[in-house]
Number of protein chains: 2
Amino acid sequence: MDIKNRTKAMKLAAPILAATTLEQRNEALANIAKELEKQKDAIFAANKIDLDEAAKNNIAASIVKRLKFDDVKLRDAIQGIKDLINLPDPLGKVLLKRELDKDFVLTKVSVPLGVIGVIFEARPDALVQISSLCLKSGNCAILKGGKETTNTNRTLFEIIKNAASASGLPDNCLLQAEAHSEIDELLSCDESVDLLIPRGSNSFVRYIMENTKIPVMGHSSGICHIYVDEFFDLKKSIPVIVDSKIQYAAACNAVETILFNRKIDKNYIKAIAQALIDANVKLRGSRDIAEVLGNEFDVEVMHDDEFGTEYNDLIVSLKFVSDINEAVTHINTYGSHHTDCILTEDKDRAAYFTTMVDSASVYVNASTRFADGFRYGFGAEVGISTGKIHARGPVGLDGLITYKYKLEGDGEIVADYASGEKKFHHKDL
Amino acid sequence: MDIKNRTKAMKLAAPILAATTLEQRNEALANIAKELEKQKDAIFAANKIDLDEAAKNNIAASIVKRLKFDDVKLRDAIQGIKDLINLPDPLGKVLLKRELDKDFVLTKVSVPLGVIGVIFEARPDALVQISSLCLKSGNCAILKGGKETTNTNRTLFEIIKNAASASGLPDNCLLQAEAHSEIDELLSCDESVDLLIPRGSNSFVRYIMENTKIPVMGHSSGICHIYVDEFFDLKKSIPVIVDSKIQYAAACNAVETILFNRKIDKNYIKAIAQALIDANVKLRGSRDIAEVLGNEFDVEVMHDDEFGTEYNDLIVSLKFVSDINEAVTHINTYGSHHTDCILTEDKDRAAYFTTMVDSASVYVNASTRFADGFRYGFGAEVGISTGKIHARGPVGLDGLITYKYKLEGDGEIVADYASGEKKFHHKDL
């Protein structure tokens with residue numbers, strides 16, 4: 001069967017998974033954890049085939065590191081499932097209970113989205129994490145992993161799917177897509193798939209966003225800023241700037257541009273530049289910044305239109321702004337609405353900045369690297385969204401949930417209320 | 001300036017509107033209400049031009065009825081603004097307040113989406129309602145109304161925009177698009193526009209949904225069902241069925257298909273059919289229904305693939321199903337996930353139906369016509385969404401809102417937590 005028909009069948013199975021109890025879903029997760037442990041030799045054997053293939057094809061070391069699935073990664077993946085079991089049920093939460101009229105009760109209750117497609121990079125742990133997040137939240141999932149992990153993914157998928165079925169979850173709740181051509185097919189399944197979550201390179205995510213009518217949750221880029229206000233504390237700020245850039249430079253929440261208020265003492269700017277250079281960060285910047293820093297710092301002069309660049313590397317852009325308003329405008333124009341920070345000791349400016357910057361996360365005196373579901377205490381992270389619709393910023397299990405309205409009557413009709421014979425009393429219970 | 005550049009300018013003005021207080025926004029709304037009353041002669045004069053034009057062009061009577069803007073409609077529109085003023089502030093709600101570590105506080109707070117594009121039918125009251133909903137929720141709005149109301153809309157827009165500016169709201173917070181060609185231009189403004197709300201015919205809404213990367217909220221069709229279970233109460237059910245069909249047949253929440261459990265006594269089915277015919281409803285149905293009803297009822301036999309039809313008229317489709325599961329599958333396959341109802345006295349079947357049917361509103365023994373923001377007690381209705389992402393079902397002001405995370409630190413860096421030197425304590429405040 002092709003992807004289109006398989007997702008149609010999945011769509012019809014989705015309400016059955018949605019109707020399962022927390023106990024059933026947690027039991028399935030526990031069974032998956034048990035089977036992954038029990039069948040680890042088969043997993044490692046499959047992973048060896050992928051690793052041998054990668055060696056043969058001279059795959060980059062950074063990718064090989066990701067696709068390797070060893071004892072440590074399996075243990076972490078299993079621990080992730082156990083943590084998920086301990087999270088409360090995201091389903092069946094009563095979000096509103098209102099009597100429209102006597103004994104005529106409207107209930108708004110949380111339910112799964114239904115069918116979620118996840119397209120992810122060549123990391124076997126991602127397959128385990130994503131399938132367990134979807135099952136915990138009662139969602140059917142279509143999984144498409146990177147081609148470099150084909151064998152590992154196939155083995156992991158079979159174990160997970162069989163363990164879920166053995167625990168009584170519907171057979172159709174998980175589906176694996178393997179061929180790259182199936183991605184385009186999946187993108188056309190807007191009648192059956194409720195949400196797509198693409199992970200991977202910026203260009204890949206952008207391709208997905210531009211080629212489907214299915215809602216997409218994610219981020220194609222993370223262009224994060226730090227604005228250094230004139231009333232900042234140098235000693236406190238240097239570690240924040242350095243951490244934001246180097247703690248994990250390839251992450252979407254690493255800082256890419258530092259904006260300096262023009263009134264800042266030049267020696268303070270030099271101290272920050274020195275700290276970045278000491279941390280092996282290459283400096284780029286507008287001409288006036290290069291002039292202030294002078295020959296002792298090797299600043300590559302850049303053009304204004306380059307400020308939308310995401311380096312994902314130990315490189316940072318520097319720029320002067322005249323005031324906080326210019327900083328806000330720069331960030332709202334060149335940024336990706338991900339995470340932006342102000343360094344200041346002035347509480348009013350801090351409040352102004354966090355109000356005016358149109359980003360998912362807005363910080364005062366803290367590293368941009370904190371933008372993360374685990375650090376926010378969500379227990380599980382589905383991804384980070386730079387969109388504003390549905391879920392924004394780091395997204396926990398809530399991002400896989402919607403709601404429905406249930407109305408229980410005893411023969412009520414609208415004509416009685418339209419004529420004025422009856423009246424709504426809208427009493428929250 | 002063209003739409004693209006004007007929406008870009010609006011995007012930069014959006015945070016200024018977002019930062020206004022409830023008092024400022026309510027004052028602007030009060031001023032708009034006052035000016036509409038004061039300048040009503042100009043409004044009626046402009047409306048007369050549109051009406052004369054419509055008469056000249058032989059516009060259908062149903063459209064003329066909508067585009068006519070008289071004392072009654074103006075009074076209702078002004079009352080709508082006053083009701084909106086009395087609603088609580090949707091902005092600045094603290095949705096989460098969590099100490100990640102000592103004195104390191106994360107706050108999740110409600111904020112406007114930013115820039116909203118609304119494309120609506122030829123109804124001047126829609127312009128008043130939409131612009132005031134957007135201003136109450138701190139959103140900038142681009143308004144494009146039907147061409148038959150060009151003169152009325154222009155006058156209303158000028159009054160509303162001037163009143164908003166006079167009250168101190170940013171000049172760029174409202175924008176009117178007039179030419180039809182500007183719709184396609186608006187659809188391409190995905191970098192500046194956060195949400196599109198199209199209203200109007202199914203084909204028009206579908207066109208919008210299929211031709212933009214901007215998120216769209218709305219519904220292209222409302223194919224609502226009533227499933228008559230074998231354990232239903234005939235006397236209670238007939239008014240519900242009739243009300244669902246005829247109380248306003250052109251509405252998206254009117255019923256289009258009635259599914260009968262095969263075990264129902266034929267005389268009961270005939271009683272329902274008779275009640276529909278007495279209400280001037282034309283019956284269509286599958287062959288077996290036509291045979292049961294016999295010659296005394298004029299049932300037009302229809303094919304299975306016609307069950308996805310939205311009549312928007314006094315016509316209804318009838319079909320037999322073997323059991324509740326076949327009813328659920330039919331609804332999830334042919335429906336539009338809008339509003340569906342079961343008629344039953346069996347509480348378990350009612351619960352099963354509301355769980356398994358994948359629609360925004362699922363009812364027991366009540367008319368489908370109740371699916372409406374005002375009837376749900378939302379105070380204001382932005383629209384009805386059949387999508388699951390962001391807002392679902394009848395949507396109040398909440399549908400124009402998102403949130404941002406604010407994190408206030410004192411120099412915290414991620415390296416300290418990654419090394420284990422510091423630990424998150426995630427304490428909700």
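## A bridge across the chain

Let's start with one pair of side chains: Asp428(A) and Arg98(A) form a salt bridge, and their closest N and O atoms are 2.6 Å apart.

Side chains of opposite charge can pair when their charged atoms come close. Over all chains, the structure holds 66 salt bridges. We will meet a few others below.

## How confident is the predictor?

What you see above is a predicted model. For chain A, the mean pLDDT is 95, and 100% of the residues reach 70 or more. For the complex, the predictor gives an ipTM of 0.94 and a pTM of 0.93.

## Two domains in chain A

Where do the domains of chain A lie? The domain assignment gives domain 1 as 3–217 + 382–404, while domain 2 covers 224–370. Taken over C-alpha atoms, the centres of these two domains of chain A are separated by 36 Å. Nine residues from domain 1 and eleven residues from domain 2 take part in the contact.

How much area do the two domains of chain A bury between them? The value is about 630 Å², with 47% of it on carbon and sulfur atoms. On the domain 1 side, Ile384(A), Thr386(A) and Arg392(A) stand out: they supply 59% of the area that domain 1 buries against domain 2, more than any other three residues.

## What joins the domains

Two salt bridges are counted between domain 1 and domain 2 of chain A. In chain A there is also a salt bridge between the side chains of Lys388(A) and Asp358(A), at 3.0 Å from N to O. Across the interface of the two domains, three residue pairs are in polar contact.

Two strands of chain A, β14 (383–385) and β15 (393–395), each supply at least two residues of the domain 1 side that touches domain 2. Sorted by class, that side of domain 1 has two nonpolar, four polar and three charged residues.

Now for the two chains. The size of an interface is often given as the accessible area lost when the parts come together. Here chain A and chain B bury about 6,000 Å² between them, and 60% of that is on carbon and sulfur atoms. Which residues of chain A lose the most area to chain B? They are Ile389(A), Tyr405(A) and Val414(A), together making up 12% of what that side buries. The contact takes 71 residues from chain A and 71 residues from chain B.

## Pairs across the chains

How many salt bridges are counted between chain A and chain B? There are eight. A salt bridge also links the side chains of Glu210(B) and Lys213(A), at 3.8 Å from N to O.

On the side of chain A that touches chain B, strand β16 (residues 401–412) of chain A provides the largest share, eleven residues. That side of chain A divides into 37 nonpolar, 17 polar and 17 charged residues.

Definitions and conventions
Residues are numbered from 1 along each chain as its sequence is written. Chains are lettered from A and ligands numbered from 1 in the order in which they are written. This is a predicted model: local features need pLDDT of at least 70, side-chain atom pairs count only at pLDDT 80 or more; totals for chains, interfaces and linings use all residues. Side-chain values use heavy atoms; hydrogens and water are left out. pLDDT is the predictor's confidence in each residue, from 0 to 100. Domain bounds come from an automatic or database domain assignment. Contact means heavy atoms within 4.5 Å. Buried area is the accessible area (1.4 Å probe) that two parts lose on being put together, summed over both. A salt bridge is a side-chain nitrogen of Lys or Arg within 4 Å of a carboxyl oxygen of Asp or Glu. A polar contact is a pair of N or O atoms within 3.5 Å; within protein, one must be able to donate a hydrogen and the other to accept it, and residues adjacent in sequence count only if both atoms are side-chain atoms. Helices (H or I, at least four residues) and strands (E, at least two) are DSSP runs, numbered from the N terminus. Ala, Val, Leu, Ile, Met, Phe, Trp, Tyr, Cys and Pro count as nonpolar, Asp, Glu, Lys and Arg as charged, and the others, Gly among them, as polar.
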